[in-house]
Amino acid sequence: MRVAIYARQSVDKQDSVSIDTQIDECKRLIRTNDVTEIYSDQGFSGKNTERPDFKRMLDDIEYGIIDKVIVYKLDRLSRNIVDFYNVYDFMKKHKCSFESALEKFDTSSETGEFLLNILASFAHMERQSIAQRVKDSYYYRAKTDGRWLGGKEPFGFTRCKINNLSSLQPNENINLVIELYSKYSEDTNTSLHQLVKYALDYYSVKMSATQIKNILSNPLYVKADKKLYDYYKLQKVQFVNDESEFDGSRALQIVNKTDQSNKKKVFNDTSLWVAYLASWKGVVDSRTFIVVQERLSQNKSYATSNKPTNKMLELSGLIKCAKCGHTVKMKGKYGSLSCIGRSEYRGYCNASFKGVKLANIQELVAVEMQHYFDTFYSKVQAEEQAKETIRQQINTIKKEIDLLLDFSLKDELLRDATLDKIRLKQEELTKLQLEWANGVFDTDKIENRVLHSSVKFDGEVQYNELSTEQKQSLLRILVKRILLNEDGSIQIEMN
Ligand SMILES: [Zn+2]
């Protein structure tokens with residue numbers, strides 16, 4: 001296979017990912033027998049396609065010497081959806097597929113093609129998942145230097161500078177942190193409330209049980225070794241650093257734990273967490289930390305979140321408690337649903353979903369989503385008709401103008417009168433053409449045209465005929481969250 005890697009970085013600061021990093025990420029997708037050619041445009045924006053190496057690549061695609069293009073991210077090809085779609089169409093025409101390293105798109109797979117159409121059609125390319133946004137900014141910065149990203153200093157640490165970068169150093173309170181960890185891990189009878197008392201009695205430090213719990217669950221105190229890596233790996237946390245770097249010499253920092261778009265503190269699913277090695281040393285060993293995590297999650301089986309969420313299939317992570325906004329998870333043998341605001345933060349929420357079945361929620365979601373699609377398609381249809389009407393009006397006026405012109409040429413006496421008529425007709429025509437050009441119609445917007453063409457190709461989307469994987473991808477793009485009420489009814493909030 002002849003593979004092209006395309007990388008682009010503009011002068012814009014938002015384009016934080018360097019050409020080299022992009023190329024490295026793309027190379028991971030290369031197979032042993034592939035012949036690779038690299039194209040890169042440094043200092044060019046994605047606003048248009050006026051980029052030298054990009055043009056060279058398009059030429060090569062046209063000559064048929066490239067089978068696949070790999071990019072780090074879809075927007076490397078173009079930030080403009082019209083251009084993007086044209087390029088995509090061009091590639092398709094020349095039997096060239098493309099793959100994106102970050103978004104895991106491969107147009108040579110059926111799902112990739114499907115997702116691309118849907119994704120492009122809703123023009124949500126800029127609206128990536130929170131995790132990706134975090135990755136783009138913090139991720140690469142932190143990857144190289146492990147700096148402290150700022151915010152409130154963690155208890156027991158003071159901000160400092162190492163090689164001119166923000167970092168943390170232990171202060172006199174660090175011994176209390178170490179003691180809290182050892183007390184809680186060693187004696188199974190110790191409660192958080194006893195630790196509150198201990199901190200006050202022995203260190204004259206006043207803190208709440210929640211503050212202690214936060215300290216006890218933060219890996220920035222921990223010597224990050226292989227064991228810690230495995231612990232988080234099991235929870236599907238994303239890592240910035242390679243496994244081999246987990247040698248216990250540094251602490252671990254996790255970002256994107258909570259949903260920043262929400263005013264209330266709502267925890268993200270652990271698969272959205274991003275972990276990277278910090279520039280400072282940990283003070284607690286990983287074994288103690290993991291024992292503490294297990295103790296903290298005792299009585300509550302939420303720590304191993306992979307299993308219960310997997311059971312929720314396409315809806316995993318999307319269902320939130322209508323009362324408090326926390327995630328609703330599935331637990332236990334019989335798959336009962338419960339709000340983590342109730343199960344993990346006692347007293348925060350009292351919602352009960354007793355008797356509510358996942359299958360019923362799935363059914364309700366299916367109905368709502370189908371309704372969403374049907375509405376969209378009927379709108380497309382109505383606008384297609386309206387467009388057709390305008391098209392006909394324009395044609396009629398053009399013919400009338402032609403006739404009037406003929407007439408005025410034949411009869412000199414009536415020329416002035418006909419010219420006035422022509423002017424009026426011309427005005428009418430301009431108005432219609434403007435209406436057309438200004439995109440009065442939603443279906444004229446490129447994203448909708450793309451959907452429409454994909455719909456024509458695939459037939460209208462029937463939600464229940466999609467695979468679980470397709471449903472999940474679609475819901476992730478379109479749906480912000482699904483609020484679940486205690487009586488089992490839902491409200492879907494679209495993106
Ligand atoms: Zn709740």
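Q: How do you know that the reach of helix α7 is close to what is expected at 1.5 Å a residue?
A: This is a predicted model, and in it α7 covers residues 192-203, 12 residues in total. From first C-alpha to last, α7 reaches 16 Å. The expected span is 1.5 Å times one less than the number of residues, and for α7 that comes to 16 Å, so the two values are close.

Q: What comes just after α7?
A: That's Ser204, with a positive phi of about 55°. Ser204 belongs to the loop between α7 and α8, and its positive phi is in a residue other than glycine.

Q: Why is Ser204 called exposed?
A: Count its C-beta neighbours: there are 7 inside 10 Å. The cut-off for exposed is 12 or fewer, so Ser204 counts as exposed.

Q: Why does Lys236 count as partly exposed?
A: Lys236 has 15 other C-beta atoms within 10 Å. Exposed needs 12 or fewer and buried needs 20 or more, so with 15 Lys236 falls in between and is partly exposed. Lys236 sits in the loop between α9 and β8 (238-239), and has a positive phi of about 65° despite not being a glycine.

Q: What makes β6 and β7 a pair, and in which sense do they run, parallel or antiparallel?
A: Pairing takes at least two bridges. Strand β6 (residues 157-162) and strand β7 (residues 165-170) have 6 bridges, in the antiparallel sense, so they pair. Lys161 stands opposite Ser166 in β7. The hairpin has 2 residues between the strands, and Asn163 in this hairpin has a positive phi near 50°.

Q: Which residues have the most contacts inside the largest nonpolar core?
A: Leu180, Val222, Leu228, Ala251, Leu252 and Ala275, in a core of 38 residues. At least two residues of this core come from each of α6 (174-186), α7, α8 (209-216), α9 (226-234), β9 (252-255), β10 (274-277) and α10 (286-296). The largest share, 5 residues, is from α6.

Q: What makes Leu252 a contact of Val222?
A: The test is C-beta atoms within 7 Å, and the pair Leu252 and Val222 passes it. Leaving aside neighbours within four places in sequence, Leu252 is also in contact with residues including Pro219, Leu220, Ala224, Leu228, Ala275, Leu277 and Ala278.

Technical notes: Residues numbered from 1 in each chain as written. Predicted model: local features only at pLDDT ≥ 70, side-chain atom pairs only at ≥ 80, totals over all residues. Helix = DSSP H or I, 4+ residues; strand = E, 2+ residues; numbered from the N terminus. Core = buried A, V, L, I, M, F, W, Y, C linked by C-beta atoms within 7 Å. Contact = placed C-beta atoms within 7 Å.
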